[in-house]
Amino acid sequence: MTVRPVVIWGDPVLHTRAAEVAVFDDNLRTLIADMFETMDAANGVGLAAPQVGVGLRLFTWGMPNEDDAPDRGVVVNPSLTIGKISGLDPDPDEDSEGCLSFPGESYPLQRAEWARVTGFDGDGNPLDFEATGWFARCMQHEYDHLDGKLYVDRLNPRWGKKAKKAAKVNGWKGAGTTWMPGVDPDPFGH
């Protein structure tokens, strides 16, 4: 298992729809193991393949939940169905999200309180589970990465403007910008 660099906002792999996984083989299992290792080293609760520079449709998670899903898992070629998203302004204290690919920043975002995830595990076995609360938020966040979106792309205009300013101040504007979990300082101070 290898900790991989985490790609930062602005890199094209994060803004491009990821390709379906076609083969469940040792290369895929190695990628999954590396993603878990990277997620853990980064103190993350989820990690999508594009965040480690691989444009494939899979993500890992490691998050306690009260739903019918393991606290730690991977979903390959997922589909996501979500409940209604509130039209209220997000609460900065209750609805703030962060992202390993937008390191050190967090902004409030409304998400659906319920999601259903289907797909496959790392061996190609079918998965089908529901997620609620913060676990549902995590599933939506990681799934967005597979469609070339980051949570900052969904922010309301007020918070979106602040995120764009942070990206500019941090110099995140193109390919090749990364940070290395376990080597570079933890951007979220864990």
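The sulfur of Cys138 lies 11 Å from the closest cysteine sulfur, that of Cys99, which is too far for a bond. A disulfide is a covalent bond between the sulfur atoms of two cysteines, and it was assigned here to a pair of cysteine sulfur atoms within 2.5 Å. By this criterion the predicted model holds zero disulfides, and Cys99 is accordingly in no disulfide. Cys138 counts as buried at 6% relative accessibility, and Cys99 is buried with a relative accessible area of 3%. Buried denotes under 20% relative accessible area, exposed over 50%, and partly exposed the range in between, with a 1.4 Å probe and protein chains only.

Because the model is predicted, local features were required to have pLDDT of at least 70 and side-chain atom pairs pLDDT 80 or more, whereas totals for chains, interfaces and linings use all residues. Residues are numbered from 1 along each chain as its sequence is written, and side-chain values use heavy atoms, with hydrogens and water left out.

Cys99 is also among the residues touched by His145. His145 is placed in helix 2 (residues 133-146); helices (H or I, at least four residues) and strands (E, at least two) are DSSP runs numbered from the N terminus. With a relative accessible area of 1%, His145 is buried. Not counting residues up to four places away in sequence, its contacts are Leu14, Ala48, Pro50, Gln51, Cys99 and Leu150, contact being defined as heavy atoms within 4.5 Å. Of these residues, Pro50 is 95 residues from His145 along the chain, yet the two C-alpha atoms are separated by 6.8 Å.

Charged side chains were examined next. A salt bridge was taken as a side-chain nitrogen of Lys or Arg within 4 Å of a carboxyl oxygen of Asp or Glu, and by this rule the count comes to 13 salt bridges. Arg57 takes part in a salt bridge with Glu20, in which the closest N and O atoms are 3.6 Å apart. This pair links distant parts of the chain, since Glu20 is in the loop between strand 1 (6-7) and helix 1 (26-41) and Arg57 is in the loop between strand 2 (46-48) and strand 3, 37 residues apart. Arg57 also meets Asp147 in a salt bridge with an N to O distance of 3.1 Å. Here the partners are 90 residues apart, with Asp147 in the loop between helix 2 and helix 3. Arg57 counts as buried at 1% relative accessibility, whereas Glu20 is partly exposed at 44% and Asp147 is partly exposed at 27%.

A further salt bridge joins Arg72 to Asp40, with the closest N and O atoms 2.7 Å apart. This pair likewise links distant parts of the chain, Arg72 being in strand 4 and Asp40 in helix 1, 32 residues apart. Arg72 is partly exposed at 41% relative accessibility, and Asp40 is partly exposed with a relative accessible area of 39%.

Asp67, by contrast, is buried yet has no salt bridge, and the nearest side chain of opposite charge, Arg116, is 12 Å away. For this assignment Lys and Arg count as positive and Asp and Glu as negative, while His and the chain ends are not counted. Asp67 is found in the loop between strand 3 (58-62) and strand 4 (72-82). Leaving aside neighbours within four places in sequence, Asp67 is in contact with Glu130, Ala131, Thr132 and Phe135.

Helix 3 (residues 157-170) comprises 14 residues and reaches 20 Å from its first C-alpha to its last, close to the 20 Å expected at 1.5 Å a residue. The expected span is 1.5 Å times one less than the number of residues. Within helix 3, Trp159, Gly160, Ala163, Ala166 and Ala167 are buried. Viewed down the axis of helix 3, these buried residues fall within an arc of 120°, so they line one face of the helix; the arc is that of the directions from the helix axis to the C-beta atoms. An α-helix has 3.6 residues a turn, so residues three or four places apart point the same way. The buried residues of helix 3 pack against strand 6 (102-108). On the other side of helix 3, Pro157, Arg158, Lys161, Lys164, Lys165, Lys168 and Val169 are exposed. Just after helix 3, Gly171 adopts a positive phi of about 75°.
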